[in-house]
Every structure is written in structure tokens, then in C-alpha cells.
Amino acid sequence: MFIRLQGNTTEMDVTCQALYTGYAMPTTHLNQPEPSQQDDLFVDFANTLELSRGEPVEQLPDADSLLDWLRGAGLLSSRARASEASRLHRDAGEANRRLQRFHRLRDILRSAATDLAERGDVGTARIRELNHILRHGLHYHQLHHEPGGARFAVSQVGDRLDQARAAIAGSFAHFLAGGGADRLRICANQGCRYLFIDRSPAGRRRWCDMRTCGNQAKVARHRARARGLAGSPAPAGG
Ligand SMILES: [Zn+2]
């Protein structure tokens, strides 16, 4: 699909964006698969900054690692990932700004989790900031014909990366508004501080891992997750 606007022409997936700072991309991206509605999206994202024996380990140190993560989470198609990478590789300042926006969201999620655990409230300032991010989540559903039926796809309006960020914020928003906020936990192991949702019947879990939350268990879990991510089906249309 191509969109033509006034004299300043932007076409979908054509990246002649040298004059743009990142916001002015009035494109519509079709054929994205329906993203996962699981709570785990914001939890997984919050845990891209993890502690290993108390030392922070940054899983998203640069724009490429961020794009890979978004691709793995189903928030970017392969084609969109390549297009964004090409754009950001040409502009280091823009790449850094985009990365910082995602790091900021992660800060919001982690500090919100801390405040929920300690005070039972996320605070109005944080809600305001989340709402600002959520404003970029403009999308509509479309049906795609398949033999014998149809499947849902999401068409996004606007900037791909801000859309992806809004999707992560949206997963937290659903969780928060859905009444599960008192089940959000930060691992009591000070050397871990892993975010998790306590789904135990009693709701008294304190550790991200029911065993000792030792480093071995953590490494094993991360490896298992990495394997699961690598084996997950690729979004269609990518
Ligand atoms: Zn832990």
C-alpha cells in the first residue's frame, strides 16, 4: 500500500528519510501479524536489563540488539527490521535517541513494579508518561483471506518503533487495568531483581525461581527462553 501526502511524498517501506528526525513517517504498515496479547511481553521487555550476581547486564546495548528483540517478540516483521536497521545505521544520533526511548520505557516498567510492590500504586506521573507512549499505538484490524477462512492482521499507522514501544506499554496497561497489579513481583534476591507475575494460587511467591534463584537456575532459564525465541514461528508478511 502506498500513501501520498501533499507535496512531501512518503511511500511505505521506501526509506529516503534523510530529512526526517523519526517522527514524520506517515506510513501504514500492513500485514503485521496479530501481536501476542500475553502479559509476558512487558515482563520480558523489563527483564532485558537483568542482574547477574548483582551486576547489571544490558541485553539492549544498541539499536541492532533492540531491533532483534522487537523482531523476536513479533513486533517487527523481517522486512520492517531490515528497513529500520538501514535507516538507523545511517544516523547514529537517531539510533541512539530511539534506543533511549525504549530504555526509558523499561525504566518506567521497572520503577512501576517497585512502587506497586512497596506502595501498591504506580503514581500519576508514571501513568501520564505511559499514556504519552500509548498515544503512538494507532492501529486497526484487517482480515486476510485464507483458504476456507480468514485470519486477523493488524495494520499500524505511523512510526514503526513508536508503535512497537506502544505495544509493550499496552501490554503493561492491560495488565494494570485488568486488576492484576498486586501480582506483579520483583524477585526478592537482591542480586537478581527479576520481574515476574505471581500466578500461584496463594500469591505469596517472592522469588522468580522457586528454587534458590541461584545463578545456575537463571542461566538455564535464559538459555531455555533463548531457545524458545529462536524456535518461534516467524510473523507472516515479513
Ligand atoms: Zn530471581
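These legends describe close-up views of a predicted model.

**View 1. Packing of helix 2 against helix 3.** Helix 2 spans residues 63–72 and helix 3 spans residues 78–89; their axes lie 10 Å apart, at an angle of about 165°. Helix 2 is therefore roughly antiparallel to helix 3, since angles over 145 degrees count as such. The crossing of the two helices is right-handed.

**View 2. Residues at the contact of helix 2 with helix 3.** From helix 2, Ala63, Asp64, Leu67 and Arg71 take part. Their counterparts in helix 3 are Ser78, Arg81, Glu84, Ala85 and Leu88. Sorted by class, the contact has four nonpolar, one polar and four charged residues.

View 3. Leaving aside residues up to four places away in sequence, Arg126 touches Ile108 and Ala112. The C-alpha atoms of Arg126 and Ile108 are 6.9 Å apart, although 18 residues separate the pair in sequence.

**View 4. The largest nonpolar core.** This core has 39 residues, and Phe42, Leu109 and Ile168 have the most contacts inside it. Two or more residues each come from helix 1 (40–46), helix 2, helix 3, helix 4 (92–119), helix 5, helix 6 (160–177) and strand 6 (184–186).

**View 5. Contacts of Phe42.** Not counting residues up to four places away in sequence, Phe42 touches Leu109, Ile168, Ser171, Phe172 and Phe175. Leu109 and Ile168 are, with Phe42, the residues with the most contacts inside the largest nonpolar core.

Technical notes: Residues numbered from 1 in each chain as written. Predicted model: local features only at pLDDT ≥ 70, side-chain atom pairs only at ≥ 80, totals over all residues. Axes fitted to C-alpha atoms, helices over the stretch in contact; angles between N-to-C directions. Helix = DSSP H or I, 4+ residues; strand = E, 2+ residues; numbered from the N terminus. Parallel < 35°, antiparallel > 145°, perpendicular 65-115°, else oblique. Left-handed = near helix turned anticlockwise from the far one by under 90°. Contact = placed C-beta atoms within 7 Å. Nonpolar A, V, L, I, M, F, W, Y, C, P; charged D, E, K, R; others polar. Core = buried A, V, L, I, M, F, W, Y, C linked by C-beta atoms within 7 Å. Buried ≥ 20, exposed ≤ 12 C-beta atoms within 10 Å, placed from the backbone.
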